[in-house]
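Please read the following report beside the sequence and the model, taking one region at a time.

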Amino acid sequence: MRLREFHMESVRSILVIRLYFVGDVLLSTPVTAALRARFEDAHIAVLIKRRARDVLKGNPHIDEVIEYDEVERYHSPVWLWRLALRLRRSRYDLVVDLTGDHRSSLLLAAADPGFRVGLNHSGMGFLLDRRIPYRSEGHIVDHLLSSVEPVGAVAEDPVLVLILTEAEMLESRELLKGACIAPDAPFVVLSPGANSHYRRWPAQRFGTLAKMAWDRLGISSVVTGSAADVEAARTVVAGSSGTAVSLAGRTSIRTLAGVASLASAFVGNDSGPLHIAASQETPIVALFGPSTPERYAPRGSASRVLWSHPPCSPCSQKECVRPDNPCMEAITVDEVLAALASLIETKGRP
């Protein structure tokens with residue numbers, strides 16, 4: 001396929017494809033910010049999975065969000081064909097593929113834009129006019145930003161973008177009030193969930209941490225998580241001797257961000273909520289195991305990263321060669337408490 005030349009002056013519409021999880025979409029927001037700065041008047045659309053739509057709500061750098069319904073219509077050829085036709089009819093001048101798998105590559109080909117640039121993760125780079133090779137070193141935000149460098153879009157100081165409304169902040173405060181957290185009272189958010197159980201620090205240790213945070217730092221704890229994390233949150237609360245309350249299963253992406261923005265600090269595993277907290281500049285204690293903090297450490301907030309770094313880490317996380325899960329088990333409560341205390345003393349909020 002003959003590669004086309006890029007003409008900046010011809011760009012009136014842009015499509016960004018990011019078909020991954022909530023945290024991945026949030027980590028891609030510096031890319032849309034860089035594109036907006038470069039192409040101020042262009043119409044910028046983003047194609048994402050439906051579950052991540054709330055991440056981009058109110059984002060000033062995005063004009064349109066196109067939802068990919070991976071739950072109901074993932075296996076529907078008719079729906080996928082209609083999506084492909086919709087993209088083609090939009091006649092984008094530039095498409096940026098931040099996914100780089102076969103699915104996104106085929107949708108990109110169907111859109112047939114004026115210029116195609118993106119990540120070459122799955123051997124489909126022949127469909128691109130500018131191919132960005134996969135890079136396992138360095139932070140993921142920098143890797144994603146490298147995909148738009150060929151079109152002149154750069155970010156000197158990239159930050160994650162998740163902007164809340166006054167109504168959403170009020171809702172977040174009401175959730176805390178309902179959990180008996182007084183207005184302006186200091187508290188720490190504890191997030192025991194993660195997509196993979198290999199990434200999870202034991203819930204019992206979160207409970208012990210909550211008790212020690214109260215006894216030694218005088219700060220209460222709010223446990224957050226999805227509906228799937230309710231049982232883990234119960235374990236945390238049970239182990240806290242009454243110093244922690246649970247909002248697990250009761251927060252949306254945006255009210256979680258609101259709660260995090262009001263917290264003195266956030267303690268969590270390597271997962272989407274970690275980056276949601278970072279987008280609000282909340283001080284963070286990040287607990288890493290099978291994945292490397294060089295790649296996924298929080299960006300945009302003061303942080304302390306704890307990683308035991310066993311010889312087998314980083315790994316694929318699909319199957320642990322050590323039944324004792326050494327990545328997370330090696331992180332002690334005392335280490336996390338010390339990291340939390342240092343954040344509250346130096347960067348935390350009253």
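In helix H11, the residues Gly-272, Leu-274, His-275, Ile-276, Ala-277, Ala-278 and Ser-279 are buried, where buried means under 20% relative accessible area, exposed means over 50%, and partly exposed covers what lies in between, with a 1.4 Å probe and protein chains only. The helix, which spans residues 272–279, is therefore described as mostly covered, with seven of its eight residues buried. Helices here are DSSP runs of H or I with at least four residues, strands are runs of E with at least two, and both are numbered from the N terminus.

This is a predicted model, in which local features need pLDDT of at least 70 and side-chain atom pairs count only at pLDDT 80 or more, while totals for chains, interfaces and linings use all residues. Residues are numbered from 1 along each chain as its sequence is written, and side-chain values use heavy atoms, with hydrogens and water left out.

The buried residues of H11 pack against helix H1 (22–27), helix H10 (253–262), strand S10 (265–269), strand S11 (284–288) and helix H12 (293–296). One member of H11 is His-275, which is buried with a relative accessible area of 3%. Apart from residues up to four places away in sequence, His-275 touches Leu-26, Leu-27, Leu-160, Asp-270, Tyr-296, Ala-297 and Pro-298, a contact being heavy atoms within 4.5 Å. Just after H11, Glu-281 takes a positive phi of about 60°.

Helix H10 contains Ile-253, which counts as buried at 16% relative accessibility. Once neighbours within four places in sequence are set aside, Ile-253 is in contact with Val-22, Arg-51, Asp-54, Val-55, Leu-162 and Ile-276. Ile-253 and Pro-273 are 20 residues apart in sequence, and their C-alpha atoms are 8.2 Å apart in space.

Ala-179 sits in the loop between helix H7 (166–178) and strand S7 (187–191), and at 10% relative accessibility it counts as buried. Leaving aside neighbours within four places in sequence, its contacts are Val-245 and Leu-247. From Ala-179 to Ile-331 the separation is 152 residues in sequence and 29 Å in space, C-alpha to C-alpha.

Some backbone features deserve a separate look. Most residues other than glycine have a negative phi, and most peptide bonds are trans. Ser-241, although not a glycine, has a positive phi of about 55°, and it is found in the loop between helix H9 (230–238) and strand S9 (244–246). His-309 likewise is not a glycine and has a positive phi of about 50°; it lies in the loop between S12 and H13. The peptide bond from Ser-313 to Pro-314 is cis, with omega near 5°, and Pro-314 belongs to the loop between strand S12 (303–307) and helix H13 (326–329).

| Residue | Relative accessible area | Class |
|---|---|---|
| Ser-241 | 54% | exposed |
| His-309 | 46% | partly exposed |
| Cys-180 | 70% | exposed |
| Cys-312 | 28% | partly exposed |

How many disulfides does the structure hold? The number is zero, a disulfide being counted as a pair of cysteine sulfur atoms within 2.5 Å. For Cys-312, the closest cysteine sulfur is in Cys-327, at 5.3 Å, which is too far for a bond.

Taken as a whole, the protein has 14 helices and 12 strands. Its radius of gyration, taken over C-alpha atoms, is 21 Å, close to the 20 Å that the globule rule (2.2 Å times the number of residues to the power 0.38) gives for 350 residues, so the protein is as compact as a globular protein of that length. Along the principal axes, the C-alpha atoms fill a box of roughly 65 × 45 × 40 Å. Of the 350 residues, 54% are buried. Among contacts with a separation of 6 or more, 62% are between residues 24 or more positions apart.

The accessible surface comes to about 15700 Å², of which 52% belongs to carbon and sulfur atoms; such areas come from the Shrake-Rupley method with a 1.4 Å probe, and for residues only the protein chains shown count as cover.
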